[in-house]
Amino acid sequence: MAPPKLVLASGSRYRREQLARLGLSVQCDAPDLDEARLPAEAAPAMARRFARAKAQAVSVRHPGAIIIAADQ
């Protein structure tokens with residue numbers, strides 16, 4: 001049985017290189033999201049919302065894969 005595919009929900013070359021240094025082979029798939037801040041939204045809440053939205057957007061295109069998503 002093959003290991004699940006790893007997909008980075010980002011177009012960031014830096015994040016892809018970080019994972020490669022760990023010995024992980026990942027496919028990159030950058031989600032097309034509006035990353036506008038909501039009124040009065042705190043930075044930590046905004047980062048969590050974006051990371052979740054990126055993971056959800058990419059997961060529909062890669063069923064069964066492990067999706068890695070983050071925001072800062």
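**Close-up 1. Contacts of D29 in the predicted model**. D29 sits in the loop between β2 and α2. Its side chain makes a polar contact of 2.7 Å with the side chain of H62. Is D29 buried or exposed? D29 counts as buried because its relative accessibility is 14%, and buried means under 20%.

**Close-up 2. The open sheet**. Three strands line up in the order β2-β1-β3. Their pairing is parallel. Which strands lie at the edges? They are β2 (27–28) and β3, and each pairs on one side only. Strands of a sheet pair through backbone hydrogen bonds, either parallel or antiparallel.

**Close-up 3. Where β1 meets β2**. These two strands pair in the parallel sense over 2 bridges. L8 stands opposite C28 in β2.

**Close-up 4. Helix α2 and its buried face**. Helix α2 spans residues 43–59, 17 residues in total. From first C-alpha to last it reaches 24 Å, close to the 24 Å expected at 1.5 Å a residue. Which residues of α2 are buried? They are M46, A47, F50, A51, K54 and V58. Seen down the axis of α2, the buried residues fall within an arc of 130°, so they line one face of the helix. An α-helix has 3.6 residues a turn, so residues three or four places apart point the same way. The cover over the buried residues of α2 includes β1 (6–8) and β3 (66–68).

Definitions and conventions: Residues are numbered from 1 along each chain as its sequence is written. This is a predicted model: local features need pLDDT of at least 70, side-chain atom pairs count only at pLDDT 80 or more; totals for chains, interfaces and linings use all residues. Side-chain values use heavy atoms; hydrogens and water are left out. Helices (H or I, at least four residues) and strands (E, at least two) are DSSP runs, numbered from the N terminus. The expected span of a helix is 1.5 Å times one less than its number of residues. Buried means under 20% relative accessible area, exposed over 50%, partly exposed in between (1.4 Å probe, protein chains only). The arc is that of the directions from the helix axis to the C-beta atoms. Contact means heavy atoms within 4.5 Å. Two strands pair if DSSP finds at least two bridges between them. A polar contact is a pair of N or O atoms within 3.5 Å; within protein, one must be able to donate a hydrogen and the other to accept it, and residues adjacent in sequence count only if both atoms are side-chain atoms.
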